Amino acid sequence: MKSIATSDPKMKVESGVRLIDSHAHIELEPLSNKVPEVIARALATGVIGIITVGIDYDDARAALNIARDNPIVFASIGIHPHNAKGVGDDDLGLMEQLADNPKVVAYGEIGLDFFRNHSPHDVQRGVFDDQIELAKKKNKPMVIHLRDAYAEGLGVLEKKGPYPAGGVIHCFSGDESDAQRALDLGFYISIPGTVTYKKNNQLRSIVSHIPEDRILLETDCPFLSPEPLRGKDNEPSFIIHTARKVAEVRGVELSDLALLTTNNAIRLFNLPL
Ligand SMILES: [Zn+2]
Ligand SMILES: [Zn+2]
């Protein structure tokens, strides 16, 4: 077995494993303070691409700065539903300008979050609507964030389609019928580290049924570290644990799972990898 030497023997590359972290926040603290080390560990674990997701204008610029300096990093930009409060036309105009940067491979994360409720529902809904239009105008795939809002969010997406550039429901936490509605929209479903959590039988059941051309992997780092690293700050190299669990659930080899999820991410985001 070929492996690249790393300082941590547990983090060896497994032969043939090339992974893409389709949703990270390495522009957020604490990862933003150690980007070179985080990327080095990702490379040493077989990660060949990272999409870092800027969640407001300033964060989007930070994401783009990292993407500019690192060939394996790409940016997605959008105003997160948490930050919907106080967003005006000017903000959307600034986001639109940033979206023209060639390293911006997607628009989002946009959506609805009725779990944390950092912004009122009607405000979230208005900003979601406007940004769906913006993503369509820019012909970018959309990165969708839904939390405790699958019924309403999927309803909005169904009404405003079709989406020639496609999209992904990131950090999927819906049920079987939500997954089917996402697939019917032509969307991908992205699986985070929560699939490793003991109680998450619902997500494992969904993972076993997603068509092989529609599944992506993500860390959503620095949040949601997978087992056995739960509680630590998450980072792209930890995606190997999520990949192993998804391969196990689907009854396939890790290298095959890596190949298909990586090809899916390259296809959806048109990555030059
Ligand atoms: Zn999210
Ligand atoms: Zn995110």
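How are the donor residues of the zinc ion (ligand 2) spaced in sequence? They follow the pattern H-x1-H-x83-E-x110-D.

Before the first stop, some conventions are needed. This is a predicted model, in which local features need pLDDT of at least 70 and side-chain atom pairs count only at pLDDT 80 or more, while totals for chains, interfaces and linings use all residues. Residues are numbered from 1 along each chain as its sequence is written, chains are lettered from A and ligands numbered from 1 in the order in which they are written, and side-chain values use heavy atoms, with hydrogens and water left out.

**Stop 1: the zinc ions**

Select the zinc ion (ligand 2). Its protein donors are His23 (NE2), His25 (NE2), Glu109 (OE) and Asp220 (OD), at 2.1 to 2.6 Å. Donors are N, O and S atoms within 2.8 Å of the metal (3.2 Å for Na, K and Ca); water is not among the atoms, so sites may look incomplete. The angles among the four donor atoms run from 86 to 175 degrees, and the site is irregular. Four donors count as tetrahedral if all angles lie between 85 and 135 degrees; four count as square planar and six as octahedral if opposite donors are over 155 degrees apart and all others between 65 and 115; anything else is irregular.

Next, select the zinc ion (ligand 1). Glu109 (OE), His145 (ND1) and His170 (NE2) coordinate this ion at 1.9 to 2.1 Å. His145 belongs to strand 5 and His170 to the loop between strand 6 and helix 6 (176–184), so this pair links parts of the chain 25 residues apart. Now show Glu109, which bridges the two zinc ions, 3.4 Å apart.

Are these residues buried or exposed? Glu109 is buried, at 2% relative accessible area, and His170 is likewise buried at 2%. Buried means under 20% relative accessible area, exposed over 50%, and partly exposed in between (1.4 Å probe, protein chains only). His25 is buried at 3%, and His145 at 11%.

**Stop 2**

Switch to a cartoon view. Eight strands form an open sheet in the order 1-2-3-4-5-6-7-8, with parallel pairing. Strand 1 (19–24) and strand 8 (215–217) are at the edges with a single partner strand each, so one side of each has no neighbour in the sheet. Two strands pair if DSSP finds at least two bridges between them; helices (H or I, at least four residues) and strands (E, at least two) are DSSP runs, numbered from the N terminus.

Select strand 5 (residues 142–147) and strand 6 (residues 167–169), which pair in the parallel sense over three bridges. Met142 stands opposite Gly167 in strand 6.

**Stop 3**

Most residues other than glycine have a negative phi, and most peptide bonds are trans. Select Cys221 and Pro222: a cis peptide bond joins them, with omega about 10 degrees. Another cis bond joins Glu227 and Pro228, with omega about 5 degrees. Pro222 lies in the loop between strand 8 and helix 8, and Pro228 is also found in the loop between strand 8 and helix 8.

Finally, select Asn117, which has a positive phi of about 55 degrees although it is not a glycine. Asn117 is partly exposed, with a relative accessible area of 38%. Asn139 also has a positive phi, near 55 degrees, and is exposed at 53%.
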